[in-house]
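Have a look first, then we'll take the calls one at a time.

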Amino acid sequence: MEFQIPEKVQYIIDTLMSHGYEAYAVGGCVRDMILGKNPEDWDITTSAKPDEVKKIFRRTVDTGIAHGTVTVLINRDHFEVTTFRLDGVYEDNRHPKEVLFTRDIKEDLKRRDFTINAMAYNHRDGIIDLFGGMEDLKNGLIRCVGNAGERFDEDALRILRAVRFSAQLDFQIEEKTRKAIRAKAALLKNISAERIRMELTKLLISDHPDRLRMLYELGISRVILPQFDRMMETEHNNIHHIYTVGEHTIKTVCYVAGSAAENRFSPRERCILRWTMLLHDVDKPSTLTVGKDGQNHFYGHPEKGAATAKRILKDLKFDNNTLEAVVHLIKWHNYKFLLTPQGIRRAAAKIGKEYMELLFEVMRADSCGKNPAYIDDKLKELEEARRLYDEMISKNECVSLKDLKISGRDLIEAGFKPGRDMGIILNRLLEAVIENPALNNKETLLAMANSFMNDSNTLSN
Ligand code: ATP
Ligand code: MG
């Protein structure tokens with residue numbers, strides 16, 4: 001079978017081969033190419049040692065010489081060229097103690113995680129498939145190369161990679177691999193937070209994030225996100241819900257931001273939205289009370305959940321921007337809009353305009369994961385809030401100090417002293433403008449500021 005590979009990749013392979021070395025495209029790109037997908041990056045594997053690769057190509061970067069990887073630059077593109085290698089003994093379920101180079105592609109393919117990731121290709125030899133990768137691709141199966149238990153002992157991250165690939169490709173995990181995951185899940189405690197975060201994010205932003213359920217079923221979340229297990233085991237027992245907290249959570253993760261192809265949100269927003277849904281009800285289990293009506297209630301779960309989410313995301317070493325956004329959206333996810341222009345302005349002032357789009361999407365997804373009997377009502381309410389909000393935006397109404405037609409500087413020019421009182425005055429003006437947008441002009445606001453100043457009550461409370 002002949003496949004089309006990018007010209008520059010072909011050039012690197014041809015050049016290596018013309019110097020007498022073996023060279024192939026390998027791993028994820030071969031998998032994606034066979035699936036008819038556009039690979040994101042092309043990895044090349046070769047029998048040439050790193051210093052040999054460096055002699056052949058003019059522009060190279062020592063990316064990971066110790067692991068045999070040299071980056072070859074061609075115009076603006078760069079390609080990782082890695083020497084065939086076998087991994088020595090693994091320490092701490094993650095790092096091979098030593099990396100040994102080999103001239104044999106078989107050895108290199110053997111060290112790779114799954115059969116579908118362990119194929120190589122060049123025009124001369126076609127697809128090199130030693131472990132039934134083609135067959136597994138056809139049948140939609142994730143299967144370890146070799147003995148699954150041993151492969152997870154070597155590197156426990158592979159456990160999470162298995163679930164992540166199953167979510168990205170909509171594949172099942174083959175039985176023995178599945179059993180080994182269940183047996184070895186505890187080893188994930190040795191894996192760094194960053195790596196766990198990266199795999200979980202890939203799983204979440206995939207088109208099949210319902211595979212989250214597998215994290216629970218296979219004993220993975222117990223180790224890396226125990227809060228999720230508690231959610232899976234908490235009944236809602238409330239008329240707005242028909243699923244457990246965990247199943248509701250999974251549904252909302254699937255709904256939020258739609259499929260990747262729809263492109264309704266940027267990749268960053270998609271990540272924020274999916275993490276928000278995963279954690280939006282994280283503290284329902286801990287806030288559960290049973291009311292006189294026999295129904296479960298979860299008072300304060302958004303605020304408490306925001307604090308818990310902050311801890312979880314910090315532990316996972318999230319960047320601050322993502323962390324802040326997720327925590328903020330969780331805190332407000334249950335906000336009850338008052339469906340009047342003032343009500344919406346108040347909401348936007350509290351929540352922040354920069355978050356409103358995302359919050360509407362969070363609320364839409366949350367509603368869609370509740371009792372189907374009430375979904376339409378909830379969505380109608382949300383649409384009305386949205387309509388009022390769009391109206392507010394089109395009228396350019398003021399909901400923050402920076403939209404106020406008077407600034408601290410204006411007040412100073414008018415003879416006010418900078419300081420705490422001025423801050424209070426500005427906030428009072430903002431409150432007044434939120435109630436009545438017609439007040440947002442400089443003369444009116446200045447007159448109001450003067451009267452506040454003269455009315456000591458305004459400032460003293
Ligand atoms: P994607 O880049 O789409 O996430 P990929 O398959 O290219 O998927 P990478 O993490 O880029 O995944 O790794 C490239 C290749 O290296 C894999 O296809 C696999 O052959 C091998 N590989 C990566 N991580 C491991 C691992 N932890 N254990 C064994 N082999 C691995
Ligand atoms: Mg890759």
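Q: Why is Asp-170 called partly exposed?
A: Its relative accessible area is 39%, and buried means under 20%, exposed over 50%, partly exposed in between (1.4 Å probe, protein chains only), so Asp-170 counts as partly exposed. This is a predicted model: local features need pLDDT of at least 70, side-chain atom pairs count only at pLDDT 80 or more, and totals for chains, interfaces and linings use all residues. Residues are numbered from 1 along each chain as its sequence is written, and side-chain values use heavy atoms, with hydrogens and water left out.

Q: Where is Asp-170 found?
A: In the loop between helix H7 (157-169) and strand S13 (172-173); helices (H or I, at least four residues) and strands (E, at least two) are DSSP runs, numbered from the N terminus. Phi of Asp-170 is near 60°, a positive value in a residue other than glycine.

Q: What makes the 18 Å between the end C-alpha atoms of H23 agree with a helix of 13 residues?
A: The expected span is 1.5 Å times one less than the number of residues. For residues 442-454 that gives 18 Å, which agrees.

Technical notes
Chains lettered and ligands numbered in written order.
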